[in-house]
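Q: Before we look at any feature, could you set out how such a model should be read, starting from the terms and then turning to the case at hand?

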Amino acid sequence: MFNKFRCWLFNHTSMNEFLKMSQRFKKFGLSPNDVEDAIKSACDFFHIPMPCMIQDLTNVKNGQTMFVNYNRGSYDDDVLCFNMQQLVDMKVDSKEAFSLVMTHECAHRVLQNTQFPGVNNGIWEHELAADFLMGCRAGLWNMDESKLAVGLILTNGSPTHPEGTIRALFIRHGKYKAIEMRNKSIPLTIPNLLNEFMKYRQENLELIHQYQRKFYRF
């Protein structure tokens with residue numbers, strides 16, 4: 001059910017602005033309705049409400065695709081932002097791929113009050129957990145994550161985000177682990193999925209640390 005404030009309408013204030021936005025989205029192969037539907041389906045996967053606001057930062061200097069909030073105990077102030085050019089550069093060129101990226105951002109919403117172990121308060125682990133859950137949705141909903149994974153592999157790491165090669169590993173593992181759990185009738189709850197994430201994180205901890213040493217001294 002949509003947020004009662006309905007402030008997710010991309011902040012457009014006139015029909016002219018809406019038409020300009022539609023033309024911009026057409027350039028990337030998506031319509032405003034596609035964007036809305038893709039985000040709603042990502043929210044539906046986690047059984048969470050739509051964010052209070054969706055912001056198109058495509059033409060904003062340094063605009064990023066990200067999740068923003070202030071109250072970690074509530075969904076009521078959640079904001080999802082996206083930069084279509086950034087996403088297309090990562091090979092996100094379809095409604096399905098866009099929805100998978102929004103699944104990653106919605107995973108951050110679900111995990112906003114979760115503390116992960118790791119360097120710098122587990123900042124990489126937060127990203128990898130969101131990637132893992134995105135992979136889970138790809139597997140359970142029979143969605144093609146391959147081009148997105150390839151796009152991520154080409155990205156460099158940073159103090160806040162893991163190397164793309166590691167991210168692709170966690171997406172792929174989430175995809176197959178969720179299918180395996182479903183086939184074994186293991187409840188697909190967030191705690192159960194996070195347990196599987198933590199096991200895989202432990203298996204790959206030395207690899208994670210290897211890449212983190214580019215940015216951190218420990």
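A: Let us begin with contact, which here means heavy atoms within 4.5 Å. With neighbours within four places in sequence left aside, Ala178 is in contact with Cys136, Leu140 and Leu188. The model is a predicted one, in which local features need pLDDT of at least 70 and side-chain atom pairs count only at pLDDT 80 or more, while totals for chains, interfaces and linings use all residues. Residues are numbered from 1 along each chain as its sequence is written, and side-chain values use heavy atoms, with hydrogens and water left out.

Q: How is the secondary structure to be read, and how many helices and strands does the protein chain have?

A: Helices (H or I, at least four residues) and strands (E, at least two) are DSSP runs, numbered from the N terminus. The protein chain has nine helices and three strands, and along the sequence they follow the pattern α-α-β-β-β-α-α-α-α-α-α-α. Of the contacts with a separation of 6 or more in the protein chain, 71% are between residues 24 or more positions apart.

Q: How is burial defined, and what percentage of the 218 residues count as buried?

A: A residue is buried under 20% relative accessible area, exposed over 50%, and partly exposed in between, with a 1.4 Å probe and protein chains only. By this criterion, 51% of the 218 residues of the protein chain count as buried. Accessible areas come from the Shrake-Rupley method with a 1.4 Å probe, and for residues only the protein chains shown count as cover. The protein chain exposes about 11,100 Å², of which carbon and sulfur atoms supply 52%.

Q: Where does Ala178 lie, and which residues does Phe170 touch?

A: Ala178 lies in helix H7, residues 164-183, and counts as buried because its relative accessible area is 0%. Its C-alpha atom is separated by 10.0 Å from that of Asn192, 14 residues apart along the chain. Phe170 also lies in helix H7 and is buried, with a relative accessible area of 0%. Not counting residues up to four places away in sequence, Phe170 touches Leu128, Asp131, Phe132, Phe197, Tyr200, Arg201 and Ile208. Phe170 and Asn204, 34 residues apart in sequence, have their C-alpha atoms 9.7 Å apart in space.

Q: Is Glu196 buried or exposed, and which residues is Pro117 in contact with?

A: Glu196, in helix H8 (residues 190-203), counts as buried because its relative accessibility is 15%. Neighbours within four places in sequence aside, Glu196 is in contact with Phe132, Lys177 and Met181. Pro117, by contrast, lies in the loop between H4 and H5 and is partly exposed, with a relative accessible area of 35%. With the same exclusion of neighbours within four places, Pro117 is in contact with Gly122, Glu125, Met198 and Arg201; from Met198 it is 81 residues apart in sequence and 9.4 Å apart in space, C-alpha to C-alpha.

Q: How are disulfides identified, and how many does a search of the whole structure find?

A: A disulfide is a pair of cysteine sulfur atoms within 2.5 Å. A search of the whole structure finds zero disulfides. Cys106 is in none, the nearest cysteine sulfur, that of Cys43, being 3.7 Å away; Cys106 counts as buried at 0% relative accessibility.

Q: How is a pocket found, and which residues are closest to the centre of the largest pocket?

A: Rolling a probe the size of a water molecule over the atoms shows where empty space is left. On a 1 Å grid over the protein atoms alone, a pocket is an open set of points where a 1.4 Å probe fits, with protein on both sides within 12 Å along at least five of seven lines, and lining residues have an atom within 4 Å of a point. Grid points are joined across faces, edges and corners, and a volume is the space filled by probe spheres set on the points. About 860 Å³ of space lies in the largest pocket. Its lining has 34 residues, of which Thr65, His104, His108, Glu127 and His161 are the closest to its centre. The largest share of the lining, seven residues, comes from H5.
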